[in-house]
Structure formats: C-alpha cells, structure tokens
Amino acid sequence: MTHTPDHPLLLDIGLLARRAGDAIMAIYREDFDVEMKSDHSPLTAADLAAQKVIVAGLAELDPVLPVVSEEASQLPWQERHAWSRYWLVDPLDGTREFVKRNGEFTVNIALIENGKPVLGVVLAPVTEELFAAARGYGAWWQVQRDAEWERISTRELANPPVAAGSRSHGGSSELTLRRLLGEEFQLHALGSSLKFCLIARGSADVYLRRGPTSEWDTAAAQCVLEEAGGAVLDLNGVPLHYNRGESLLNPEFLAVGDAGIDWAARLREAGLP
C-alpha cells in the first residue's frame with residue numbers, strides 16, 4: 001500500500017531536507033577541502049551549505065522555534081533547560097563517509113517535544129532515499145525523489161539476526177553482540193544514521209553503539225525507528241531522550257527493531273552497562 005503521509009509539516013521538512021541534500025551534492029561532485037574541528041572531526045563546505053539551507057528553511061516555517069545544530073555554536077544549558085519544543089539538526093551526518101565518497105551520509109532534521117523526538121526526517125542525498133516519521137503518523141520511505149511513499153515497519157528478530165554496525169567508528173564488539181544475540185549473527189557495516197533506517201525498514205535487527213554520539217546524530221532516525229515499531233534504548237533499557245543537561249552527548253545505546261523482546265534483561269545478561 002502506498003500513499004502520502006498525512007502530515008503537512010512532515011512533508012515540508014522532507015522537502016527542506018532535499019534542498020539541503022542538493023546543496024551537499026553540488027559540493028560532493030567537485031573537489032573540496034576538509035578542515036578538522038577542535039574534536040578532530042572533519043568539516044567541509046557541504047556541512048556549512050546544508051546548515052545554511054536548513055536554518056533558513058526552518059526560520060520560514062517558524063521563526064521563533066529554537067534550533068540546535070552540529071554546525072552552530074551551542075546555547076548554554078541555562079537557556080536550553082526551559083525549552084519544551086525545538087529543532088535538532090545534523091546538516092551532514094557522516095562527514096567521514098562524505099570525505100570517503102562512499103555515499104553513506106545523511107541529512108537529519110528532528111523536532112523535539114519534552115525531550116522526545118516527535119518528527120524526524122533522514123535523507124541520503126546520493127541515493128535520494130528519504131525516511132520520514134511523525135508521532136502517531138507512522139514511518140515512511142520514499143526510495144527516490146518524486147517516487148510514491150511506502151509505509152515501513154520493523155520485523156521480528158530474524159534467525160540469524162542482522163546487526164548494523166558503524167562504518168567509521170568501532171565499539172560494537174562481536175563478543176558483546178554474541179552475548180545479546182547468540183552465536184550466529186550477521187554484521188552489516190553502514191555509515192551515519194542509515195543504520196537506524198535499515199532496521200526501520202526491516203532489513204536489520206539491532207545496532208549497538210559503544211562510544212560517544214551527539215544528540216543530533218540520533219534524534220531524527222530515532223523517531224523513524226520508533227514509528228516503524230522499534231526502539232532506541234540506553235544500556236539500562238530506557239528510551240533515549242534529549243536536552244538532558246549541559247552535555248549534548250548521548251549515552252551508549254542499543255537500537256532495535258523487535259520491541260517486543262525484553263532488551264533490558266538481555267543487556268543485563270550480557271553484562272551491560
């Protein structure tokens with residue numbers, strides 16, 4: 001069954017992500033310089049071009065709503081702690097994959113309400129795949145620009161399970177995954193927030209992230225995965241939430257497709273956290 005998500009704001013944000021993706025691809029096709037930020041992560045003109053497009057587009061939709069973005073100076077917790085609603089943006093998630101030119105990078109735009117992602121859009125500019133979700137409206141996939149929308153959902157834990165893993169960051173040890181999933185499982189390495197989307201459309205089962213991520217890395221894809229029937233849990237089994245304090249780093253987490261499993265118990269049995 002295919003039809004269009006019945007949520008005007010979700011469609012507007014999807015179109016905005018596509019405009020940001022166009023700005024990214026204009027640079028991707030040419031030679032570009034790479035700078036290193038203070039945290040030793042790469043920065044390119046594409047990050048900044050997408051940031052400009054997204055911030056301007058969000059201001060047109062709602063000039064009052066605050067925006068937290070990777071490529072902008074962060075407001076102090078004294079100001080942020082009072083926010084009940086704001087945008088959380090990663091204009092180019094997976095800059096390392098962009099630099100490698102492997103296509104596995106995304107544009108992430110999320111709307112946060114009371115610490116939870118209630119709308120999320122994830123665009124893969126190279127393939128033109130667009131994943132979108134809003135609380136109560138389900139999760140959707142547009143395989144390319146102007147294609148029909150398809151409703152997506154997670155699957156029951158497969159046998160053998162498929163574990164999505166990071167392309168450029170280590171941390172999901174095979175030993176820990178074996179404790180969670182059993183001896184037999186398959187690994188699928190992939191960059192950026194596409195790992196969540198792989199689970200959301202029923203092509204993988206889990207993504208265990210050990211090590212740091214930032215809130216803008218996960219929020220949009222978390223909304224997609226949750227609306228598809230999955231969950232994103234910290235290692236105590238509690239759903240990931242946002243704007244928790246001064247730090248914008250996430251705790252380590254497990255993204256899952258089959259939310260009917262007692263993952264908190266499995267995490268404890270696996271010796272986590």
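Predicted model: local features only at pLDDT ≥ 70, side-chain atom pairs only at ≥ 80, totals over all residues.
**Chatting about helices and salt bridges**

Student: Starting with helix 5, how far apart are E174 and R178?
Tutor: They sit 4 residues apart in helix 5 (residues 174–181), so about one helical turn separates them. Helices here are DSSP runs of H or I with at least four residues, strands are E runs of at least two, and both are numbered from the N terminus.

Student: Ok, back to E174 and R178. What do their side chains form?
Tutor: A salt bridge, at 3.8 Å from N to O. The term means a side-chain nitrogen of Lys or Arg within 4 Å of a carboxyl oxygen of Asp or Glu.

Student: Why would side chains pair like that?
Tutor: Side chains of opposite charge can pair when their charged atoms come close.

Student: Where are E70 and K37 in the chain?
Tutor: E70 is in the loop between strand 3 (67–69) and helix 3 (77–80), and K37 is in the loop between strand 1 (35–36) and strand 2 (42–43). They're 33 residues apart, so this pair links distant parts of the chain. E70 counts as partly exposed, with 21% relative accessibility.

Student: What about D205, which residue does D205 pair with?
Tutor: R155, in a salt bridge whose closest N and O atoms are 2.8 Å apart. This pair also links distant parts of the chain, 50 residues apart. D205 lies in the loop between helix 6 (194–200) and strand 12 (206–209), and R155 in the loop between strand 9 (149–152) and strand 10 (162–166).

Student: Is D205 buried or exposed?
Tutor: D205 counts as buried, at 2% relative accessibility, whereas R155 is partly exposed at 26%.

Student: New topic: at what angle do helix 1 and helix 2 pack?
Tutor: Helix 1 (residues 8–28) and helix 2 (residues 45–61) pack at about 155°, with axes 8 Å apart. That makes helix 1 roughly antiparallel to helix 2 (an angle over 145 degrees). Axes are lines fitted to C-alpha atoms over the stretch in contact, and angles run from 0 to 180 degrees between N-to-C directions.

Student: And which residues in helix 1 meet helix 2?
Tutor: Among them are L9, I13 and L16 from helix 1, and the helix 2 side includes V53, I54 and L58. Contact means heavy atoms within 4.5 Å.

Student: Last one: where's Q142?
Tutor: Q142 is in strand 8 (residues 138–142), and it's buried, with 8% relative accessible area. Leaving aside neighbours within four places in sequence, Q142 touches residues including R18, E128 and W149.

Key
Residues numbered from 1 in each chain as written. Heavy atoms only, no water. Parallel < 35°, antiparallel > 145°, perpendicular 65-115°, else oblique. Buried < 20%, exposed > 50% of the residue type's maximum accessible area, 1.4 Å probe, protein only.
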